[in-house]
Amino acid sequence: VADARDYSNKVELPAGSGNCSRCPEGHSCPQSGLASLCPPGKYSRGGRGAVQCLNCEPGTISNASGATECELCPHGRTSNHARWDCYACEAGEYAAERGQHPCASCGPGSSSGPGARNCSLCPVGRYAPTDAARACEPCPEGTTTLAPGAVDCDVSLPTGAPTPLPSPSPTVTAAPTAKPPPTPRVPKTP
């Protein structure tokens, strides 16, 4: 019997079981007769071929020892190989799907804060000329945009006209492309 101080995460398999015994789920069995608990970030379904614990794939985690499977990271978060925690997508990125890896960049004309599930189109009066915008930029004085999701401010205002206030912008899942997101139709209010 092994000393508990040296093998606190190991269990002894039944005597005489040798290589023919089934390794318990959540363990690896690299040596005959000895099972090791899988650490966080790894998992095992057990069985005769479980000589080592497997790494959780990117976008998944196991946050406890002895995992039998990895869990998907929630929307707006992801993970790297063999992780025990999910981290938030950076500002200018998003994760629309659970388990998504890597986070996708917001397209031009949209932005996001950290941990976003979706990107938001820039409101009228603001623009984002490139991918992965952390925030939409205000149009220079004397210019504006005509619709949400603009990549530049190409409308000149008459001299002395007030700059329009930004309108609420719809939230969209922006595809990670170099194309600007489609401009949604906003119904006219009576």
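Mentor: A disulfide here is a pair of cysteine sulfur atoms within 2.5 Å. Keep in mind that this is a predicted model. By that rule, you get 8 disulfides, in a protein with 0 helices and 18 strands.

Let's start with Cys56 and Cys70, whose sulfurs are 2.0 Å apart. The torsion about their S-S bond is about -80°, so this disulfide is left-handed. The two cysteines are 14 residues apart: Cys56 is in the loop between strand E5 (54–55) and strand E6 (60–61), while Cys70 is in the loop between E6 and strand E7 (71–72). Now check the burial, where the cut-off for buried is under 20% relative accessible area. Cys56 has 0%, so it is buried, but Cys70 has 22% and is therefore partly exposed.

Next along, Cys73 is joined to Cys86, with an S to S distance of 2.1 Å. A torsion of about -90° makes that disulfide left-handed too. Cys73 sits in the loop between E7 and strand E8 (77–78), and Cys86 in the loop between E8 and strand E9 (87–88), 13 residues apart. Both Cys73 and Cys86 are buried.

Then look at Cys89 and Cys103, linked at 2.0 Å. Their bond is left-handed as well, at -75°. Cys89 lies in the loop between E9 and strand E10 (93–94) and Cys103 in the loop between E10 and strand E11 (104–105), so the link ties together parts 14 residues apart in sequence. Cys89 is buried at 1%, and Cys103, at 12%, counts as buried too.

Methods
Residues are numbered from 1 along each chain as its sequence is written. This is a predicted model: local features need pLDDT of at least 70, side-chain atom pairs count only at pLDDT 80 or more; totals for chains, interfaces and linings use all residues. Side-chain values use heavy atoms; hydrogens and water are left out. Helices (H or I, at least four residues) and strands (E, at least two) are DSSP runs, numbered from the N terminus. Buried means under 20% relative accessible area, exposed over 50%, partly exposed in between (1.4 Å probe, protein chains only).
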